[in-house]
Amino acid sequence: MDPIIHMLDLVFQYKKDDLTPEEPAVDHVTLRIERGSFTAIIGRNGSGKSTLAKNINGLLIPTEGTVYVKGLDTADPDRIWEIRQTAGMVFQNPDNQLVSSIVEDDVAFGPENLGVEPGEIRKRVDESLYAVNMYEERKKAPHLLSGGQKQRVAIAGVVAMRPECIIFDEPTAMLDPHGRREVMCIIRKLHREGITIVLITHFMEEAAEAERVIIMDKGKVMMDGSPREVFARTEEIRSLDLDVPFTVDLAERLRSRGFPVPDGIIEEEEMADFLCQYKSRT
Amino acid sequence: MSIQVKNLTHIYSEGMPYQTIALEDNSFEIADGSFVGIIGHTGSGKSTLIQHLNGLLKPNSGTILVDGLDITDASVSLRDIRQRIGLVFQYPEYQLFEETVEKDVAFGPQNLGLPEDLIGERVREALHLVGLSYEDVGQRSPFDLSGGEKRRVAIAGVIAMRPKVLILDEPTAGLDPKAHKDILNLIERVHREENNTIILVSHNMGDIAALSEKVLVMHKGRMVMEGTPGEVFKKAELLLGMGLELPPAAGFMELLKQRGINLENMPLTIEEAVEEITVWTGNN
Amino acid sequence: MIRDITLGQYYPGESKIHVLDPRVKIICTFAYIITLFLVRDFVGFAIAVGFLGLIIILAKVPLKFIFKGLKPIFFIIIFTFTVNMFMTKGEPLAEIGFLTITREGLYNAFFMGLRLILLIIGSSLLTLTTKPINLTDGIERLLSPFRKIGVPAHELAMMMTIALRFIPALLEETDKIMKAQMARGADFETGNLLRRAKSLIPLLVPLFISAFRIAQDLAMAMEARCYRGGDARTRMNAMRFHTRDALASLCMICFIALIVLQAYYL
């Protein structure tokens, strides 16, 4: 099956006013994202992950190379709206995504732009708000909501456009732990319902929930694999100024004390299992 | 500089039908030179509380004694309070406004009426404390810097006033792992070199557990718990019931407890967790 | 903390006037204001005042709010009154220094003053009974037919919608910035006008930058949600003309007819 997102030797260079040659923000990246998958892209600030995300839905057009969404070229101005309807995007700042001063009107914004028939819009708005648990708040003004609630409304606004894929650009960076949990819960739910998820984040615990983890640095893909494969390479990860999930860190430290912790443990439950077995054997 | 808060109460829109009690009868002490962490769910009153400590808000009732001086008294000059107690808000980089980093950091000391040469000294020291070089960034526009650097400039702006008490509201909010660590190191360094009192408000329990000598827990406008990190994070169920998390190490220990594994002491950091597990398995 | 800001002077309610279609209310308000200039004598004004009084009663808005709208233009009313009183030529009634008060002047002053008051109250009623967002919607739909001749109805409405959305956010941001600068010893209160103006720089610069940042983020989010201007856009909330709107329009037409008849034929 064709991948839903296909980046072919993508290079992106921000244009600066002075003529000093700059490093490209995205430096020759080739990636295929399969339908229905859950991919996390992590990297420090300046690694190019956000720039990569914006190249997917055509907010940025490649300097070199091509990006295909559902087979459509993002550089094609005639197909860009189809592309953006297929690949929706949720941004980092919950406040600055909401256009209207009434929640349900904001969720309707996307479908209205697509020219969807009013009765259908109403239906989609209600469904989307239910899906993110914000139906009760549909008549409220956004500035009265918490960060997590606002972000859920933003997600509903994208869901109402019936995308096949949603790109989340650091959606929890500005939220408190409670808000983060709410948003991750919805992301998991959307994935279960078949939507392709691309999650840009620097929270390792969030990346660990994905099926595939891609680590970027200086615009290049440094690592690409399952969470277990990727997080095993702890030294490399640390050299990129990133953290590893708590359990991985603990496993590594215990190993250095002589504990025979098996490779690939990333869940707390697995670590607890190991410790129980180990204790009962000694 | 010790702080004593007695029966602090603050009501928003008092007398109106939609009044909210933001703070209710809070009393606590903060010892001179200590590092105190304040935790609580969003809306528990943390922000309101710290704004009282530097005189931005006045309580409806109660007193706040800073080194014996009651700052709730109308006769106390706000300038005096703000020179003693510095407050760094969330996302402090949003308050930068000057043409150069130097001028922005100098804003605070200027407002205190310090002489020019002393201001220059303060700016350099403050930038040094936050890990920035005056030669590198002093004459650049603050808006040309990276996110992490901007935040450090903003913090330097408050440190340049050399407050005896430095309050930081979620100083690591929105930062990536490296910048997060940098800010924590910065705070530790300031505490060490300035010998001042630090009050850290944060949602990151790992940070609070690692750095604080004392933890204050806010819930719905009241201070419901007070103690060392060890004492506070031991009450796992209580904290979880208030919608708060545990530091990762303590959280893991709770999981082990559910499996019937009881470590002798509760670990607050990953290092302590390793120690405790080692002891428990007899693997010394 | 600035939590619940009601914008403009909207007075929440579900009265017969509140629930009318905003387009009808906007047109009726304009019509009322125009008819005010057709009125010529006391009887005519009596009808105009009576009609307005009826609307006020139906709208269930306390009088205190109605008169609030008059406060800002109190001096303009006095000024208009005085100018008309002294400057109109006609049968002299009294003299003060070198200024003459004429009978015509007195009538004019009174009528002009009353017109102004009724005009303000009439417009106030519009904003008191219509939510800003509905007002924006109404204006957009009324101007829509003129898009063909170049009126940017949709763009204007979009601007107003976004402004309404972000005014509370910007007010809160202002509060935060003020507090942050005050914590650094900034003083927005003391000093002469010049000094106080200067002291606003640490407040205005960050505020403008915030506003630009919001605009940038918002534009990107709107584009990502396929916004491409007003063409081919549909609306979830279709504005429907109800019986009550027809009734209200009828009443308005009757009122206008009455005024015209009274002024010119009776």
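Q: What counts as a helix or a strand here?
A: Helices (H or I, at least four residues) and strands (E, at least two) are DSSP runs, numbered from the N terminus. Take Asp25(B): it is found in strand β2 (residues 20–30) of chain B. Its phi is near 55 degrees, a positive value in a residue other than glycine.

Q: Is this a predicted model, or what should I know before reading on?
A: This is a predicted model: local features need pLDDT of at least 70, side-chain atom pairs count only at pLDDT 80 or more, and totals for chains, interfaces and linings use all residues. Residues are numbered from 1 along each chain as its sequence is written, while chains are lettered from A and ligands numbered from 1 in the order in which they are written.

Q: What are the ipTM and pTM of the model?
A: The ipTM is 0.92 and the pTM is 0.89.

Q: How is confidence read residue by residue, and which element of chain C scores lowest?
A: pLDDT is the predictor's confidence in each residue, from 0 to 100. Chain C averages 86, and 97% of its residues score at least 70. Among the elements of chain C, strand β1 (residues 92–96) has the lowest mean pLDDT, 74. Helix α9 (residues 201–224) of chain C has the highest, 95. Over residues 1–7 of chain C the pLDDT is below 50. That stretch still has 11 contacts in the model beyond near neighbours in sequence. Where pLDDT is low, the predicted coordinates should not be read in detail.

Q: How many residues make up the interface of chain A with chain B?
A: Contact means that the C-beta atoms of two residues, placed from the backbone, lie within 7 Å. By that rule, 27 residues of chain A are in contact with 25 residues of chain B. On chain A, α6 (177–192), α10 (246–256) and α11 (268–281) each give two or more residues. The largest share, 6 residues, comes from α11(A). For classes, Ala, Val, Leu, Ile, Met, Phe, Trp, Tyr, Cys and Pro count as nonpolar, Asp, Glu, Lys and Arg as charged, and the others, Gly among them, as polar. This side of chain A has 12 nonpolar, 6 polar and 9 charged residues.

Q: What does chain A present to chain C?
A: Here 34 residues of chain A are in contact with 26 residues of chain C. α2 (80–86), β6 (87–90), α3 (103–113) and α4 (118–131) of chain A give two or more residues to that side. α3(A) gives the most, with 5 residues. The classes are 16 nonpolar, 13 polar and 5 charged.

Q: Which residues have the most contacts inside the largest nonpolar core?
A: A nonpolar core is a set of buried Ala, Val, Leu, Ile, Met, Phe, Trp, Tyr and Cys residues joined through C-beta atoms within 7 Å. The largest has 181 residues, and Ala156(B) and Ile167(B) have the most contacts inside it. Not counting residues up to four places away in sequence, Ile167(B) touches residues including Ile50(B), Leu53(B) and Ile199(B).

Q: Buried or exposed: what is Glu140(C)?
A: Glu140(C) is buried, with 23 other C-beta atoms within 10 Å. Glu140(C) is found in helix α6 (residues 132–143) of chain C.

Definitions and conventions: A residue is buried if 20 or more other C-beta atoms lie within 10 Å of its own, exposed if 12 or fewer, and partly exposed in between; C-beta atoms are placed from the backbone.
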